[in-house]
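Work through the exercises below with the sequence and the model on view. Each task is followed by a solution in steps.

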Amino acid sequence: MKVVCLPGDGIGPEVMEAAMRVLEPLPLELEAQPFGGEAIAKFGTPLPAATLEACKQADAVLLGAIGLPKYDGAALRPEQGLIELRGELDVYANLRPSSDGDKVDLLIVRELVGGIYYGRRGRTEDGVVFDTCEYTEPQIERIARRGFELARKRSKRLTCVDKANVLATSRLWRQVVERVKSDYSDVEVQYMLVDNAAMQIARAAEQFDVIVTENMFGDILSDLAAAVTGGLGLAASASLADGGPGLFEPVHGSAPDIAGKGIANPTAMLRSVAMMLEHAFGEETAARELEHAVEAAIHEAPTTDLGGTAGTREFTDKVVEALGRED
Ligand code: NAD
Ligand code: IPM
Ligand code: MN
């Protein structure tokens, strides 16, 4: 089993190092590849052909984070590599769980390879600049089915978040969800406009179970859900295709404000590793063990974002120690 690792930029390599420490004892082949700003500097492109090919051949792809302030406003950006990689792997189902270990336990199912990120964009002769939100019925149907399947395994409640009072694509989402719903009569469906959904997540996130939503709404709401359940340092994600390798990455970015200081919280990365063990390799026991070890470290050696004093390495030492305690 082969995992391609893309450390990336900023705190990406710092949290990837933590992932390597917990993965190295496992019977997996780990192969690092250049990606993001690092790859632009060396190869003139954020997603070199060899990196893409290695990802396609892998059983799973693990990503730290990409993005650097020096590329702000540049024609070629690290983020373009990530958009291209997600599209090439067709990892349309982005699972972003948030839990506070108490009342809140919600799962955002974000459509990842469509919408405004992938629609037509450009500039007309009269200087109008545009980004277009586009969706087809099959694109919506496959993510809606994922949402229903996941809701079925949880509390059987699905909230479709959209902007159907304004957007044509959102009205299509509602039509498709209504049609697909008849195959999942055990799941209760509600619709919520995205502005209200943001307010409800901030106010009372415990009301949600599974949220299914389009690409950009899911991007924004998942940062918010992370914020109300302990912060971005904790939020993991899995991006899944129908067959082919999944992509596993924290919700957070390269955090330029803390990069190089050794204080990044590796929890989001390590929880993404747990999601990889579960979804890519069916290793549920190993995934739960890693999650418990991370939980122990959060209590015994919290990082600064959690109000503690531990750095990335000290936190990871605790994780490794707790993993040892489990056997
Ligand atoms: P960010 O997620 O990098 O950081 C936002 C805030 O959260 C910062 O204050 C940061 O210090 C903090 N934070 C994030 N991760 C943390 C961690 N593990 N531990 C402790 N604190 C953490 O968002 P940003 O600053 O808006 O973006 C920076 C760059 O990252 C941009 O170039 C952006 O495009 C990119 N980005 C990449 C990804 C990705 O690679 N998947 C995701 C989001 C943003
Ligand atoms: C995320 C990030 C990315 C996104 C950026 C870096 C392209 O914010 O994974 O949440 O918007 O999808
Ligand atoms: Mn984001």
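A salt bridge is a side-chain nitrogen of Lys or Arg within 4 Å of a carboxyl oxygen of Asp or Glu. The model is predicted: local features need pLDDT of at least 70, side-chain atom pairs count only at pLDDT 80 or more, and totals for chains, interfaces and linings use all residues. Residues are numbered from 1 along each chain as its sequence is written, chains are lettered from A and ligands numbered from 1 in the order in which they are written, and side-chain values use heavy atoms, with hydrogens and water left out.

**Exercise 1. Salt bridges**

Task: State how many salt bridges a search of the whole structure finds, and examine the one between D317 and R21.

Solution: 
- Step 1. The whole structure holds 27 salt bridges.
- Step 2. In one of them, D317 and R21 pair through their side chains, with 2.7 Å from N to O.
- Step 3. This pair joins distant parts of the chain: D317 belongs to helix α11 (residues 312-326) and R21 to helix α1 (residues 12-23), 296 residues apart. Helices (H or I, at least four residues) and strands (E, at least two) are DSSP runs, numbered from the N terminus.
- Step 4. Side chains of opposite charge can pair when their charged atoms come close.

**Exercise 2. Two domains**

Task: Describe how domain 1 and domain 2 divide the protein chain, and what lies between them.

Solution: 
- Step 1. Domain 1 covers 1-92 + 232-327, and domain 2 covers 101-229; the bounds come from an automatic or database domain assignment.
- Step 2. Taken over C-alpha atoms, the centres of the two domains are 24 Å apart.
- Step 3. In the contact (heavy atoms within 4.5 Å), domain 1 takes part with 14 residues and domain 2 with 13 residues.
- Step 4. About 1200 Å² is buried between the domains, 58% of it on carbon and sulfur atoms. Buried area is the accessible area (1.4 Å probe) that two parts lose on being put together, summed over both.
- Step 5. I83, R86 and Y92 supply 52% of the area that domain 1 buries against domain 2, more than any other three residues.
- Step 6. Between the domains there are 2 salt bridges. D90 also forms a salt bridge with R142, where the closest N and O atoms are 2.9 Å apart.
- Step 7. On the side of domain 1 that touches domain 2, α4 (78-89) and β11 (236-240) are the elements that give two or more residues. The largest share, 3 residues, comes from α4.

**Exercise 3. Two ligands**

Task: Which residues are around ligand 2, and which of the 21 residues around ligand 1 come nearest?

Solution: 
- Step 1. Around ligand 2 (a heavy atom within 4 Å) are E79, I83, R86, R96, R110, Y117, D219 and V251.
- Step 2. For ligand 1, the nearest residues are E79, E249, G253, A255 and D257.
- Step 3. A polar backbone atom of A255 is 2.8 Å from an oxygen atom of ligand 1, and a polar side-chain atom of H252 is 3.3 Å from a nitrogen atom of ligand 1.

Key. A polar contact is a pair of N or O atoms within 3.5 Å; within protein, one must be able to donate a hydrogen and the other to accept it, and residues adjacent in sequence count only if both atoms are side-chain atoms.
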